[in-house]
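Here is a short briefing to read alongside the model. Have the viewer open and follow the topics in turn.

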Amino acid sequence: MELLWILIKIIIVFAVVMLHVMYATYFERKVIGHMQVRMGPMRVGPHGILQPIADGLKLFFKEDIIPTVADKKVFYAAPLICLISALSAVAVIPFFQGFAIANINIGLLYIFAMSSLASYGVVLAGWSSNSKYSFLGGLRSSAQVISYEIAMGLSLVGVMMLAGSLNLTDIVNAQMSSSWKIYLIPQIIGFFVFVVAMLAETNRTPFDLPEAESELVAGYCTEYSGMRFALFFMAEYIGMIIMSCLAVVCFLGGWSGPFEVPGIPFFWFLLKVYFFIFFYYWVRATLPRYRYDQLMALGWKVLIPLALFNIVLTGTIKSLFG
Amino acid sequence: MVQLLFFYFAFVVIALGLRIVTCKNPVHSVLLMLVLFFHMAGFYLLLNAEFLAAVQIIVYAGAILVLYLFVLFLVNLKEEVRMSPFIEKGKWLGIVGALALFVTFLRGVKSFTLGPHGTYTIEKVQQLTHTKAMGEAVYTTYILPFEIAGIILLVAVVGGLALAKREKKGA
């Protein structure tokens, strides 16, 4: 019976996440369109509302081309590694009090572990395609993800110290019972580092060098087509959703809000996650791309020292007043 | 159930270990190694050591193995390199050494006792959560070995920097 309930939960969460991925693409095109004084997609359905379905059908029925010199096994496995590692991270996210597929004690570490696996999918996709552009894109991406993962992990150590737990539900509850209600205020440095690392970790503008189209065509997924390309695309958007959820859970108090919304316990959670997704698009429409050496310098020389400083500061204040 | 899982993990780890050394393509070896690390993490989970399981994936799979991949890409060897052995009759030395090691392990297995040791029983670890239990042990009882390990790592970092850093010309 318990197993059945877990299965139902998985199906619900999977369907909801996939629906969000579909409409995140539509939302992105609309938001960026309006920011650039265009309309965005308008043709398919009223205001282009059916566009994601049309895109999905197109990708599904498109011919799947595999380069003859590609390493076939690795070529098949790479998009799956990306998608599976992205989807498995959703399992530990608490959407509201008592609702997470797996409420485990090391939730935060589990998400790090899964997001570090995504770089395998990318680097192996680049290698197995046997093409210059793919390979360079893959190498860039994995170097970037490894560098920024350190900054991201360190930026969340402050949250762990304040909450005294790695369990995501406990972190939210600890925030609600703290005097600030959200960790955004005492952990403002950590939050800043996290947000920058979050953009870099998901390979989004201004850190989207792995897929810099002006120099690398489409980066690591240049040689992929049809459904396999769609898998990478989905993994990227699921990654964005997970990072937004993590930011909401660790810094913005999860599902808690200024007042209870009757009947919709996940109202505030979704609202905050949508804000972060909007933030991604906002940044994309605003900022130009970093140069590669600037990106590495920012990660290693600014973000990591800042995150370490935040840990020391948090430790000192906690030992003095906490 | 637990025993079934244990035998599954043990079987896969051994089979994959053999496959990794016999695999011709080094990138495939690395991929199989990734799967192996996951099964190692499975062992830790069976032992209620969830923190170690997560660290196993983050550190070994997420960082060290990716660096291996980088090295492989940089040296770009598609097929294995064949070399003549350093020591003549190395094969026989190897066999004797392996046998000696095997006997030592076999003798060593006898001194294992089953079940948890010391003050940390399964119930206590579960109640404290493994992360907290391990943190407490490392930062109180075992603080000295922990610091020594830290210094050894620091020496390695400084050594790496000293090797990688080039002297400036004319300085």
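## Where the chains meet

The contact between the two chains draws 17 residues from chain A and 16 residues from chain B (two residues are in contact if their C-beta atoms, placed from the backbone, lie within 7 Å). This is a predicted model, in which local features need pLDDT of at least 70 and side-chain atom pairs count only at pLDDT 80 or more, while totals for chains, interfaces and linings use all residues. Residues are numbered from 1 along each chain as its sequence is written, and chains are lettered from A and ligands numbered from 1 in the order in which they are written.

**The chain B side of the contact**

- On the side of chain B that touches chain A, the elements giving two or more residues are α2 (26-46) and α3 (50-75) of chain B. Helices here (H or I, at least four residues) and strands (E, at least two) are DSSP runs, numbered from the N terminus.
- Which element gives the most to this side of chain B? That is α3(B), with eleven residues.
- By type, the residues on this side of chain B are twelve nonpolar, three polar and one charged. Ala, Val, Leu, Ile, Met, Phe, Trp, Tyr, Cys and Pro count as nonpolar, Asp, Glu, Lys and Arg as charged, and the others, Gly among them, as polar.

**Chain B as a whole**

- Chain B has seven helices and zero strands.
- Of its 171 residues, 12% count as buried (a residue is buried if 20 or more other C-beta atoms lie within 10 Å of its own, exposed if 12 or fewer, and partly exposed in between, with C-beta atoms placed from the backbone).
- Among contacts in chain B with a separation of 6 or more, 53% come from residues 24 or more positions apart.

**The α1–α2 pair of chain B**

- Helix α1 (residues 2-22) of chain B packs on α2(B) at an angle of about 155°, and their axes are 9 Å apart. Axes are lines fitted to C-alpha atoms, for helices over the stretch in contact, and angles run from 0 to 180 degrees between N-to-C directions.
- The two helices, α1(B) and α2(B), are therefore roughly antiparallel (angles under 35 degrees count as roughly parallel, over 145 as roughly antiparallel, 65 to 115 as roughly perpendicular and the rest as oblique).
- The crossing of α1(B) with α2(B) is left-handed, meaning that the near helix is turned anticlockwise from the far one by less than a right angle.
- The residues in the contact of α1(B) with α2(B) are 15 nonpolar, four polar and one charged.

- The 32 residues of α5(A) should span 46 Å at 1.5 Å a residue, and the end C-alpha atoms are 46 Å apart, which agrees. The expected span is 1.5 Å times one less than the number of residues.
- In α5(A), 25 of the 32 residues are buried, so this helix is largely enclosed by the rest of the structure.
- Just after α5(A), A:Gly164 takes a positive phi of about 65°.
- The axes of α5 (residues 132-163) and α7 (residues 188-201) of chain A come within 8 Å and cross at roughly 155°.
- As a result, α5(A) and α7(A) are roughly antiparallel to each other, and their crossing is left-handed.
- The contact of α5(A) with α7(A) divides into eleven nonpolar, four polar and two charged residues.
- A:Met198 sits in α7 of chain A and is buried, with 25 other C-beta atoms within 10 Å.
- Not counting residues up to four places away in sequence, A:Met198 touches A:Met152, A:Met243 and A:Ala247.

**Helix α10 of chain A**

- Helix α10 (residues 267-286) of chain A has 20 residues and reaches 28 Å between its first and last C-alpha, close to the 28 Å expected.
- Its buried residues include A:Trp268, A:Phe269 and A:Ile277, and what covers the buried residues of α10(A) includes α1 (2-35) and α9 (226-251) of chain A.

- A:Val37 lies in the loop between α1 and α2 (51-61) of chain A and has a positive phi of about 55° although it is not a glycine.
- A:Val37 is exposed, with 6 other C-beta atoms within 10 Å.
- A:His47, in the loop between α1 and α2 of chain A, also has a positive phi, near 55°.
- A:His47 is partly exposed, with 14 other C-beta atoms within 10 Å.
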